[in-house]
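Visitor: I have a structure to look through and a few quick questions. Can you walk me through it?
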Amino acid sequence: MTEYNIAVLAGDGIGEEIMEQALKVLKVVESRNDVAFSLMPGLFGAAAWFETGKSFPDETIAICDKADAILKGTIGLGHEESKKIPLDQQPERGGLLPMRKRYDTYANFRPVYLPPSLAHFSPLKPKIIGDGIDIMIIRELVGGLYFGKKETGVDEQGLRFARETLEYNEQQIRRIVQIGFESAMKRRKLLHSIHKSNVLKSSVLWTDVVGEVAQDFPDVEVQHMLVDAAATHLCLNPGQFDVMVMENLFGDILSDQAGGILGSLGLMPSACVGPDKAYYEPAHGSAPDIAGKNIANPYSMIGSVAMMLDLSFQMTGESSNLWHAMESVFAAGYATPDLSKPGTDVTMVSTGEFGDRVVAALSCLPVPNR
Ligand code: IPM
Ligand code: MN
């Protein structure tokens, strides 16, 4: 029996209700496989700040340090609510970014996946969707503008200014580009390197490093694409992409756009992987407007569990079972109100019922050998 410690940080907004579904699923995975999960709940985000004065409290840090993997829900407050917390202590700056830095989770995997059973959620025309969308966005997560030097003040003309620095060294670029090539080797052997080298020097360096790493992967076809062009191509012809690799801010923006072509950010799970630790989270926010209503789809949270099983626990078979289980619930015509557009032919179920249906579907699938 293998034992794993999992830090469970439900966070804010819909975090609690979608995490509940993830834990239901984990329980079933545990009962079917030769594994034991020890769950260690911790406060994180605005909820943590109001209770302890910190978005990433010391106690939570200790839990995460001990954990084999971290499962994180969603964080953040609405625009007005968030003003109650000082800027640098808000959940994003005071919790999430420090977590990324602490565990050096430089490799952010964001699958953009639209199987035929989900095609009705997408705003794209069927002829553009084609056989479905299946892209892996790989985003550098601990460098660039997010973590560069920042300064604010008043300049000589008496004007307020803010200055932030976009800096990458070749080592930071090489390690994420390497991940891009390795992922491409496991998939269609096609890598799109996204950059802005017609303007940014950091992108010139990025592109040079891509050329160097490419020498070690002669089987991978590399396509260099400007980030603004990539935004257009994602809408017009998403099928041309397989693995896309890019720096932090480009990845933030394009991955949200990718959620848009699927039809909802609620379909975007993610994995954030560092040298010794990984954490797993939906790529979206805490959706305060629908929190507590039991209507948020738990797909991104359960998908994050699937990624954890695969990447942290090497339970690859059970991980793909989970994807299949979720797909089969959609294929049977069920969805939650946050995902479904009026007039589409779906049966609305609550967050909890969706979770129950995933559990039931998973239980019908054969347990894989490890
Ligand atoms: C994401 C989020 C975060 C980011 C925020 C919450 C800081 O938008 O994970 O994409 O910008 O990285
Ligand atoms: Mn984002």
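Visitor: Is D356 buried, partly exposed or exposed?
Guide: D356 counts as partly exposed, because its relative accessibility is 41%. Keep in mind that this is a predicted model.

Visitor: Which residue does D356 form a salt bridge with?
Guide: The partner is K24. The closest N and O atoms are 2.7 Å apart.

Visitor: How many salt bridges turn up in the whole structure?
Guide: A search finds 18.

Visitor: What does R32 pair with?
Guide: R32 forms a salt bridge with E318. The closest N and O atoms are 2.8 Å apart. E318 lies in helix α11, residues 316-331, while R32 lies in helix α1.

Visitor: What about D242, which residue does its side chain meet?
Guide: D242 meets R187 in a salt bridge, 2.9 Å from N to O. D242 lies in the loop between α8 and β10, and R187 in the loop between α6 and β8. The pair therefore ties together parts that are 55 residues apart in sequence.

Visitor: Which residues are linked to K72 in a network?
Guide: R100 and E281. K72, R100 and E281 are linked by salt bridges.

Visitor: Switching to helices. At what angle do α1 and α10 cross?
Guide: Roughly 40 degrees, and the axes come within 8 Å. Helix α1 covers residues 15-32, and helix α10 covers 299-311.

Visitor: Why call α1 and α10 oblique?
Guide: Roughly parallel needs an angle under 35 degrees, and roughly perpendicular runs from 65 to 115. The α1 and α10 axes cross at roughly 40 degrees, so these helices are oblique to each other. The crossing of α1 past α10 is right-handed.

Visitor: Which residues make that contact between α1 and α10?
Guide: On α1, they are I18, M19, Q21, A22, V25, L26 and V29. On α10, they are M301, I302, V305, M308 and L309. By class, this contact has eleven nonpolar, one polar and no charged residues.

Visitor: How are α8 and α9 arranged?
Guide: Helix α8, residues 227-236, and helix α9, residues 248-262, have axes that come within 10 Å and cross at roughly 10 degrees. They are therefore roughly parallel to each other. The contact uses V227, A230, A231, L234 and C235 of α8. From α9 come F250, L254, Q257 and I261.

Visitor: How many of the residues in the contact of α8 with α9 are polar?
Guide: One is polar, eight are nonpolar and none is charged.

Visitor: Last one. Where is H192 found?
Guide: H192 is in strand β8. H192 is buried, with a relative accessible area of 3%.

Visitor: What does H192 touch?
Guide: Leaving out residues up to four places away in sequence, H192 touches Q223, M225, Q240, F241, V243, M244 and V245.

Note on methods: Residues numbered from 1 in each chain as written. Chains lettered and ligands numbered in written order. Predicted model: local features only at pLDDT ≥ 70, side-chain atom pairs only at ≥ 80, totals over all residues. Heavy atoms only, no water. Axes fitted to C-alpha atoms, helices over the stretch in contact; angles between N-to-C directions. Helix = DSSP H or I, 4+ residues; strand = E, 2+ residues; numbered from the N terminus. Parallel < 35°, antiparallel > 145°, perpendicular 65-115°, else oblique. Contact = heavy atoms within 4.5 Å. Nonpolar A, V, L, I, M, F, W, Y, C, P; charged D, E, K, R; others polar. Left-handed = near helix turned anticlockwise from the far one by under 90°. Salt bridge = Lys/Arg side-chain N within 4 Å of Asp/Glu carboxyl O. Buried < 20%, exposed > 50% of the residue type's maximum accessible area, 1.4 Å probe, protein only.
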